[in-house]
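Please look over the structure shown below with care, and then read the short report that follows. Each heading takes up one topic.

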Amino acid sequence: MYRSLLPALALAVAATPALAADAGGMNPAAVTMFVAIVLVTLGITWWAARRASSADQFYAAGGQISGFQNGIALAGDMISAGALLGLAGLICASGFDGLIFAVGYATGLPFVVFLVAERLRKLGRYTVADVLSTRLSETPIRIFTAVATLVIVMFYLIAQMVGAGQLIRLLFGLDYLYAQILVGALMICYVMFGGMVATTWVQIVKAVLLLSAGIAISFLVLASFGFNYDSLVARAIAVHPKHDAIMMPQVYSGSVWQSVSLGMTLMLGTAGLPHVLMRFFTVPDARAARVSVFWAVMCQSGFFALIFVIGFGALAIVAGDPAYLDAKGAIRGGGNMATIHLSHALGGDTLMGLVSAVAFATILAVVAGLTLTGASAVSHDLYARIIGRRSATERSEIRISRLATVGLGVLSVLLGIAFQTQNVAYMISLAYAVSCSSTLPLLILALYWGGLTTRGAIAGGVTGLVGAVLLTVLGPPVWVKVLGNAAPIFPLDPPTIVTMPVAFLTAFVVSVMDRRRAPAAALSQAVSA
Amino acid sequence: MSADRTLRAPNNDLPQARLGWIMALIQTLIYASFVGTFIVSPATMTRPVASGMAVTVATVGGLLVILSTMVLTGLYVLIANRLTAR
């Protein structure tokens with residue numbers, strides 16, 4: 001779901017200065033739904049808290065989430081507020097671009113089921129590092145994996161928090177600062193008291209709401225065009241000032257390498273995201289892991305298909321109606337509001353209130369999942385297995401995980417406030433690039449290549465991580481858009497097409513050299529099939 | 001790094017391992033042909049599916065790529081469940 005924020009955040013952030021005067025008013029349906037969602041999710045947390053007493057419950061819901069339930073939660077992880085609001089906004093602004101992201105993101109999850117899900121479940125307990133350390137030397141690999149996880153989670157979390165603050169201010173007229181504190185407090189509460197059980201159920205509630213809202217909006221859009229998709233698209237093309245040109249995506253107007261690099265990142269990024277991978281430890285066995293990704297793909301791909309209707313619907317209905325435009329002809333409140341205005345046009349204040357509240361639930365569920373993943377890296381990988389290896393008990397590990405949850409929660413609120421006026425769109429690019437160039441190569445090699453050594457894994461992972469961060473900073477997202485330089489030093493955004501092969505190659509070469517120096521002493525089977 | 005345990009790749013011999021790679025390859029080819037056609041021949045992708053229509057080849061193509069993710073995943077789960085049931 002997270003990948004969907006890339007365009008959304010860019011829009012949310014770009015829209016910020018124009019918004020202040022336009023902060024949304026209170027709407028009774030929105031407030032009712034908003035309060036209902038907070039009460040229901042806190043109820044879930046209270047119920048889960050009575051069960052979340054062991055480490056197994058906290059990290060992996062005791063392995064007792066069914067394949068179907070986990071699939072819905074996983075779909076919830078994949079489709080964010082960015083997918084509902086950001087992609088439609090992007091289609092309003094520049095047409096087919098939004099659909100390029102929808103198609104690319106949809107291809108990510110199948111890779112997870114084809115190549116990693118079952119093996120992860122078979123080998124791991126709570127975190128990705130558990131899987132890698134079944135074959136490699138534990139201490140260095142855990143430190144590296146925990147650092148990579150925290151890097152991805154923190155960048156993602158900051159981007160989510162900034163987007164969330166701006167969205168909540170727009171939707172409910174709540175001050176940015178209070179929005180940050182509210183989101184932070186709720187997410188700490190879910191994770192700290194309810195662990196993985198509560199996080200999963202919050203994600204399930206949100207996914208069901210989001211899918212229902214998506215289906216309802218799509219149905220109403222199609223109904224208003226006599227269930228003729230072609231006349232919907234024709235109207236969208238007529239409304240946009242560039243007309244036919246919107247059917248050619250702008251993201252493909254750059255170099256071939258640029259287009260290929262973006263395609264690779266959208267397709268492969270998902271398989272290295274730690275909060276997605278962690279979901280596979282909540283199901284009872286490898287078969288359930290496989291089944292869960294099946295349901296997740298059905299929901300997620302179905303939702304991205306709906307974007308083809310919702311996006312063009314927003315363009316055709318909202319962008320063509322002066323009531324939803326500001327003096328300059330732009331969408332009131334910015335591109336992220338396109339879906340919200342669309343729901344108002346289709347179903348009045350009631351539907352608008354419902355959709356706003358669903359967007360809020362989406363943000364909460366996503367930040368909770370990220371915080372849990374970050375907290376697990378600290379308490380399980382760094383504390384229980386390294387720092388406190390000799391002294392840690394299950395009790396102390398859970399205490400540390402709760403402290404880490406509060407720490408990460410407070411930190412993300414502070415960073416959310418610090419980055420309020422910054423362009424944070426690059427942070428999602430960065431999380432994706434690091435995922436593709438660091439965690440994914442390590443995982444694939446560890447699962448499928450017996451020759452990988454610890455030194456090779458660390459060398460490849462570090463090269464990918466540092467390369468992805470460095471080239472993103474020197475590339476268009478930071479060097480030009482944040483630092484204001486005229487031309488980027490490195491031209492591609494994202495840098496995946498360079499950094500991913502380099503990471504694979506480094507891991508391979510170093511492993512081969514390593515083994516030549518010290519030939520394998522013992523060969524044995526890690527897991528009997 | 002004496003603690004290195006050099007092991008054979010785990011699970012490589014599971015029957016569905018090969019199936020997974022085949023499916024991943026098919027998915028890559030489908031998605032690459034979508035992106036590739038846009039790069040090589042944008043005019044093909046922006047052409048209407050039938051004369052007089054607004055819906056373009058790329059719109060239908062994009063929906064088909066999304067559909068392919070569902071079909072391939074469904075096939076994979078179906079076959080892998082059979083293979084591991086034995």
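Angles under 35 degrees count as roughly parallel, over 145 as roughly antiparallel, 65 to 115 as roughly perpendicular and the rest as oblique. Helices here are DSSP runs (H or I, at least four residues), as strands are (E, at least two), numbered from the N terminus. Axes are lines fitted to C-alpha atoms, for helices over the stretch in contact, with angles running from 0 to 180 degrees between N-to-C directions.

The crossing of α6(A) past α3(B) is left-handed, a term used if the near helix is turned anticlockwise from the far one by less than a right angle, whereas clockwise gives right-handed. From α6(A), Ala102(A), Val103(A) and Ala106(A) meet Gly62(B), Val65(B), Ile66(B) and Thr69(B) of α3(B), where contact means heavy atoms within 4.5 Å. These residues divide into 5 nonpolar, 2 polar and no charged; Ala, Val, Leu, Ile, Met, Phe, Trp, Tyr, Cys and Pro count as nonpolar, Asp, Glu, Lys and Arg as charged, and the others, Gly among them, as polar.

## A helix pair within chain A

Helix α17 (residues 425–448) and helix α20 (residues 496–517), both of chain A, have axes that come within 9 Å and cross at roughly 30°, and α17(A) and α20(A) are therefore roughly parallel to each other. Here α17(A) passes α20(A) in a right-handed crossing. The contact of α17(A) with α20(A) has 10 nonpolar, 3 polar and no charged residues.

## A buried threonine

Thr373(A) lies in helix α15 (residues 338–387) of chain A, and Thr373(A) is buried, with a relative accessible area of 5%. Buried means under 20% relative accessible area, exposed over 50% and partly exposed in between (1.4 Å probe, protein chains only). Apart from neighbours within four places in sequence, Thr373(A) is in contact with Thr149(A), Val153(A), Pro274(A), His275(A) and Met278(A).

## How to read the values

Residues are numbered from 1 along each chain as its sequence is written, while chains are lettered from A and ligands numbered from 1 in the order in which they are written. Because this is a predicted model, local features need pLDDT of at least 70 and side-chain atom pairs count only at pLDDT 80 or more, whereas totals for chains, interfaces and linings use all residues, and side-chain values use heavy atoms, with hydrogens and water left out.
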